[in-house]
Amino acid sequence: ISLGTILTRVNAEPHDDAVSVETISMQEVSYYVGKTDIKGDVLYSKIRGSKIDTCEFTKINDVVLGLTSRSAMVIDCSRANKLIASNFLKIRIHDTNLLNPTYLCWLINENRSTKNYFENSKQGTAAVSVLKAQDVRELIIDIIPMEEQIKIANFYMKYLEKYRVDKKLAELNFTLNKLIINRYYKGEKYNENK
């Protein structure tokens with residue numbers, strides 16, 4: 001478990017040799033866990049070329065956890081090699097035969113006992129509360145058989161996908177109904193003026 005890069009320490013100045021790197025955003029994590037329907041624009045950070053080796057980057061199967069949102073996502077091939085800022089923790093699972101990354105995300109995002117643990121561990125005011133890396137390190141993870149982890153992980157991913165589709169259908173249905181009502185109203189109003 002490691003804290004993301006403190007961007008103020010590596011941000012490029014106008015006179016520096018800058019490298020533009022894709023960066024994990026809160027919007028991306030929120031979309032992953034179903035808190036928003038908007039993926040958001042790709043976020044870039046300009047880093048000093050001499051500091052690039054000191055930065056934290058994602059690898060496939062890493063889990064990225066937002067310290068304020070307490071939401072996590074698994075890094076797939078489309079999110080690999082992105083910069084992680086200091087408002088995230090990177091959890092690198094060294095043995096994915098022992099712990100499935102998506103199962104870990106489910107534990108973090110949905111499991112009641114994990115959510116209660118994080119709620120009791122947060123520091124800061126009610127308006128802005130932040131998880132501490134040490135509390136995440138001390139989280140006790142129930143390692144169930146891998147086939148059960150995979151079942152939970154697959155169900156969780158299908159649930160998130162269905163949730164996004166259902167939400168999009170509800171929005172389209174709402175828009176369609178508004179359109180029908182407006183057309184009906186305009187038709188009624190037009191007929192009354194004759």
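Let me begin with Leu-83, which, leaving aside neighbours within four places in sequence, is in contact (heavy atoms within 4.5 Å) with Thr-5, Leu-7, Val-21, Glu-22, Thr-23, Ile-24, Ser-45, Ile-47, Cys-55, Glu-56 and Phe-57. The model is predicted: local features need pLDDT of at least 70, side-chain atom pairs count only at pLDDT 80 or more, and totals for chains, interfaces and linings use all residues. Residues are numbered from 1 along each chain as its sequence is written, and side-chain values use heavy atoms, with hydrogens and water left out.

Leu-83 is found in the loop between strand 5 and strand 6; helices (H or I, at least four residues) and strands (E, at least two) are DSSP runs, numbered from the N terminus. The relative accessibility of Leu-83 is 0%, so this residue counts as buried. On this scale, buried means under 20% relative accessible area, exposed over 50%, and partly exposed in between, with a 1.4 Å probe and protein chains only. The C-alpha atoms of Leu-83 and Val-21 are separated by 6.7 Å, although the two residues are 62 apart along the chain.

I turn now to the salt bridges. A salt bridge is a side-chain nitrogen of Lys or Arg within 4 Å of a carboxyl oxygen of Asp or Glu, and a search of the whole structure finds nine. Lys-82 forms one with Glu-22, where the closest N and O atoms are 3.5 Å apart. Lys-82 lies in the loop between strand 5 (72-74) and strand 6 (88-91) and Glu-22 in strand 2 (residues 18-23), so the pair ties together parts that are 60 residues apart in sequence. Lys-82 is buried, at 8% relative accessible area, whereas Glu-22 is partly exposed, at 30%.

Which residue of helix 2 pairs with Lys-82? Glu-28 does, with closest N and O atoms 3.0 Å apart. Glu-28 belongs to helix 2 (residues 26-32), and this pair links parts of the chain 54 residues apart. Glu-28 is buried as well, with a relative accessible area of 12%.

Another salt bridge joins the side chains of Lys-90 and Glu-56 at 2.5 Å, N to O. Lys-90 is in strand 6 and Glu-56 in the loop between strand 3 (43-48) and strand 4 (63-66), 34 residues apart. Lys-90 is buried, with a relative accessible area of 7%, and Glu-56 is partly exposed, with 21%. Through shared partners, salt bridges join Glu-22, Glu-28, Asp-76, Arg-79 and Lys-82 into one network.

Next, the nonpolar cores. Such a core is a set of buried Ala, Val, Leu, Ile, Met, Phe, Trp, Tyr and Cys residues joined through side-chain atoms within 4.5 Å. The largest has 30 residues, and those with the most contacts inside it are Val-63, Leu-65 and Ile-108. Elements giving two or more residues to this core include helix 2, strand 4 and helix 6 (146-192). Helix 3 gives the most, with five residues. A second, separate core of five residues includes Val-10, Val-21, Ile-47 and Cys-55.

Beyond four places in sequence, Leu-65 touches residues including Arg-70, Phe-88, Ile-108, Phe-118 and Val-136.
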